[in-house]
Amino acid sequence: MAGGLQVESPNGTFVDATPIEDTVVVNAGDLLARWSNDNVKSTKHRVVEPRKAALSDKHPPRYSIAFFCNPNFDRFIEAIPGTYDEVNVRKYEGVNSGKYLEQRLAATF
């Protein structure tokens, strides 16, 4: 297992997401975080070149498959009931799924 994935820790530094055999890493995106009222966290992440094995000048192969899924384009997304109450209030206004996706893509590219 090659590794290379890093996630941002709460203090702002990136730490290795050490591979665990026979597991899959799932990164929840910003819209799911909104939908869950931040009960599911969206974590900033990056990929760096994996470290070389000891006594080797070669980097190990690394395979990654990105899969993105979104709610239907016309759906209104707001915090799911049960993820907020009088103490833990809603953190986000509701949004149209398609418009939110377009805004996020426009901010990225």
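**Exercise 1.** Is Arg104 buried, partly exposed or exposed?

*Solution.* Before starting, note that this is a predicted model: local features need pLDDT of at least 70, side-chain atom pairs count only at pLDDT 80 or more, and totals for chains, interfaces and linings use all residues. Residues are numbered from 1 along each chain as its sequence is written, and side-chain values use heavy atoms, with hydrogens and water left out.

Step 1: get the cut-offs. Buried means under 20% relative accessible area, exposed over 50%, and partly exposed in between (1.4 Å probe, protein chains only).
Step 2: apply them. Arg104 has a relative accessible area of 38%, so it's partly exposed.

**Exercise 2.** Which residue does Arg104 form a salt bridge with?

*Solution.* Step 1: the rule asks for a side-chain nitrogen of Lys or Arg within 4 Å of a carboxyl oxygen of Asp or Glu.
Step 1: the partner is Asp30, with the closest N and O atoms 2.3 Å apart.
Step 2: Arg104 sits in helix α2 (residues 97-108) and Asp30 in helix α1 (residues 30-35), so the contact ties together parts 74 residues apart in sequence. Helices here are DSSP runs (H or I, at least four residues), as are strands (E, at least two), numbered from the N terminus.
Step 3: check Asp30, which is partly exposed at 28%.

**Exercise 3.** Where do Lys91 and Asp38 lie in the chain?

*Solution.* Step 1: these two form a salt bridge, closest N and O atoms 3.7 Å apart.
Step 1: Lys91 is in the loop between β4 (76-77) and β5 (95-96), while Asp38 is in the loop between α1 and β3 (45-47).
Step 2: Asp38 is buried, at 17%.
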